[in-house]
Amino acid sequence: MDFLTTNSPALIVALPLFAAFAIPLISRAGERTRNTFSLVIFGLISFLVAILAVNVHSVGIRVYTFGATAAQMALPHGYMVPVRIMFEVDGMSMFMGIIVTTVALAALIYSLQFMKGRTGQARFYSLMMLLYAGMMGLAFTGDMFNLFVFLEIASIAGAALAAYRTNMADAVEGGFKYIVISAVSALLVLFAIGILYAQYDVLSIAALAHFMQYTPLDMIALALLVGALVMKLAGVPLHMWAPDTYTVAPAGTTPMILAASYISMYALYRVTFTMYGGLINTTAIGWVVIIVGVLSMFVGVMMAVHQTDIKRMMAYHAVSQGGYMLLGVGVCLAVITDPAALASYGRDAMNGGIFHIINHVFYKALLFMTAEAIFFRIGTRDTNKMGGLARNMKWTAGFYIIGALAISGIPPFNGFASKLLIYESVLKFSPVLSVIAMFVSLVTLASFAKVFYSAFTGPPMPAYEGVKEVPKSMIVGMSILAVLIIFFGLFPGLIVDTIVAPATNALIDQASYINAVMGAVP
Amino acid sequence: MMESIPLNFPFLAAALLVGIALYIMLFKRNLIKLIMGVAMLASGVNLFIVALGYRAGGNAPIYTDVPPGPMVLSVPQALTLTSIVINVAVLALMLTMVVHIYRHTGDIDSEKSRKLRG
Amino acid sequence: MLSKIVRTVANQLMLFILIFGLYVIAHGHLTPGGGFQGGAVVVSGVVMLLVAFNAGELKKSLRERFLSIMESTGGLVFVVLAFAGLGTVFFYNFLVGSPIFGDIPIPGPNPGNLWTGGFIPLMNFAVGLKVVAGLSAVVLALALFTSGEEMEE
Amino acid sequence: MSVVDYGYAVWAPLIWIVALIVIGVMVLIWRNRGQKDYKKGTAQTDIFLSGAKVPPEEQRHVKSENIYWGFFESLKDLYGAMMRPHTGIVSDYLLWFVVILAIIIPILVGAG
């Protein structure tokens, strides 16, 4: 047990990599063996994540150094710098880890029967494991260069998965757009890393934060990082790839690509809060984040209500909901140097923004899965051609209702809990922003009502008479998320106290992140 | 000879590469040219990082039979190497996707081959 | 398919390219090079064969199934070597001081000892295997695309 | 455990659900006191469409693109402006990226 606790940060990333390489070999032994293997490996990973989460919750920040026992290396004249590759796991990393693992588990179970009988399944599961490894690596990494590497791993795996159905022209197009956008933004991240490395000769995030001088060059690097990561997390006006890619990704991979974009959001927070945390004047960067957030909310929802493709509509909603998170966190960022405002509403806004990530990933993953379930049965995503499906697909319809009510912020589902936190705290910062947020929520409800009406209700359509409910593994995958949504909605206090508040504290408390690595540095 | 080249010449070259790459990516509608743009952007960034580690007159950072004298910083070279490897994978993936796009639509013009918009 | 002269020369040259690639891989911990570079050298030989013969011809001897197994093996060996260090920490170089690649080099300039580096040379070989298989599959797939054929599943 | 309390506002879902159930029961009781003496299966329950002929069942479904027609019609200009940047060309996406970078670099350098 001790061994697992000590080595869990490395194992959580290494096991999926191992599985990704092993799956093509194991697939030779048959479909059943491979599926069992994937599930067993993933069960093991989930167990490790749980162990690590408990560990981080009790002992605080964990630093795991690869290949040696200490992160630092003393130079001959006594000066110590962190030179090793290391993982630094704090509350926020763990929070993202929990999200990604839950979604990936649900997606994996969902995919088992969805993918049944299709070609290239070995590659599909292999890429899913690779995507998971990339995301977890990004959440855990403690240095900037590995941030770039894991960003690229996640992008490559995500793009290959999005273009998985190569028999459809639009699937390849969506995957292509994703890889181009990801490659360009990752290269600009690398450029920013180069600028930082040129000045401070270190790559560790903690060391960079420790040495940071906030020169104009640093600010250029910050701008490049913010731009590139906002692109990856699909903030308006850099969101246009998101609908294209989310629409075409198959089965359980859309939720995983969605989670990948929130991992980029995590990277953005890590950069702005931890690396540039000592910035004297955070108002500018705070307002940049707020404006991107408000634009995302508004443009995303207005575009969504217009769509007729069910997954495209949900993708635009993903853009719009991303705006809520940016709004909440941006408000906190703008007031972080003002202790009174921070205590009064800044921390609550941040809690809301962070809490919304987990809520949104869960309900949006559920919604994407219901959309994919419809596609699985009737072969179209066009809502114009749907109708009366609730008669044939009762479980799917039920899950859709849960997801739709949660995303529209209807109590008692989880979306309401985090949106309320955002509304109330943003109201104290700027009432106009809060009103916009509420309006967006309203339009969200309207657009989901529209799709519910046109897809699930109405008279039975003669074309869909023989449509059956989706297979069991897909229902199990969706019900995991549905149960979590209801649980989070009923016990928001518990969730905020146990996982959201530690994540917020980890981001705001820059000093302890630095000390975990730089503690021994004179 | 080496002294006659200004030290920031590689940075100018990197800036030029990035500039050309951005021009290609933004204004060319041919998908293959777009990929060339991405490749050039990668080269520009890689050149930038390698140039960061250069010290005038330094040796290559390899201890096998090294002559005495200062060495070039090796970390940026390792970073560049990693980034090159990753870019090979990215470019291969992009090219494969363009081949698929061409197969489906018979065109590699991004305006004529698009299916997803609005 | 090019002329018989080109094909024969390509066949002969392939051996030398293979040797050079293996040299670059094996000396990865001493000189510039390593798994990726050496692998890329070997794949350049594959590309030469691709030009000399055509893609359909090459597909017969370089099967997708074989390449896939080779690639997975390379990746697995790499990860398993990393796992093997878990007694101390992940990626711990447990082979240093052992009879396999275990010599500890003299600090500073030295003539180079191939028997050093712990598991680094082994990892270089694993990466080389993966790169050779992966890149060959990529170039082969792209060549087959242009000639209108498909890789088999 | 179930309550989120942050000084100036409180959200307690369990209490809210109890209240919802109470209200639901009250509504049901109220509903049961309604009129029950209409005749099922007669013209009393038929659909009346201003005297026009009622179309068969499967044609009665309103298509998704026709829902909220008025909303889109009145916001035509806004939608025109919003649709224009969504060209679906990846070069244009990158153009937006460069434009945004050009805007935030001066902002952040100025603020730093």
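Visitor: How are α2(C) and α5(C) oriented to each other, and why?

Guide: Axes are lines fitted to C-alpha atoms, for helices over the stretch in contact, and angles run from 0 to 180 degrees between N-to-C directions. Angles under 35 degrees count as roughly parallel, over 145 as roughly antiparallel, 65 to 115 as roughly perpendicular and the rest as oblique. In this predicted model, helix α2 (residues 35-52) and helix α5 (residues 120-146) of chain C pack at about 30 degrees, with axes 8 Å apart. α2(C) and α5(C) are therefore roughly parallel. Helices here are DSSP runs (H or I, at least four residues), numbered from the N terminus.

Visitor: Which residues make the contact of α2(C) with α5(C)?

Guide: Contact means heavy atoms within 4.5 Å. Among them are F36(C), V43(C) and L50(C) on α2(C), and V127(C), L135(C) and A143(C) on α5(C).

Visitor: Which chains share the most contacts?

Guide: Chains A and D, of the 5 pairs in contact. Their contact takes 45 residues from chain D and 71 residues from chain A.

Visitor: How much area do chain D and chain A bury?

Guide: The size of an interface is often given as the accessible area lost when the parts come together. Buried area uses a 1.4 Å probe and is summed over both parts. For chains D and A the value is about 5000 Å², 79% of it on carbon and sulfur atoms. On the chain D side, Y8(D), H61(D) and F97(D) lose the most, together 14% of what that side buries.

Visitor: What about chain B with chain C?

Guide: That pair buries about 1300 Å², and carbon and sulfur atoms give 70%. The contact takes 15 residues from chain B and 17 residues from chain C. No contact joins chain C and chain D; their closest C-alpha atoms lie 23 Å apart.

Visitor: Where is a cis peptide bond found?

Guide: Most residues other than glycine have a negative phi, and most peptide bonds are trans. Here a cis bond joins V236(A) and P237(A), with omega about 5 degrees. P237(A) sits in the loop between α8 (216-232) and α9 (241-248) of chain A. A234(A) is in the loop between α8 and α9 too, and its phi is positive, near 60 degrees.

Key. Residues numbered from 1 in each chain as written. Chains lettered and ligands numbered in written order. Predicted model: local features only at pLDDT ≥ 70, side-chain atom pairs only at ≥ 80, totals over all residues. Heavy atoms only, no water. Helix = DSSP H or I, 4+ residues; strand = E, 2+ residues; numbered from the N terminus. Buried area = accessible area lost by both parts, 1.4 Å probe.
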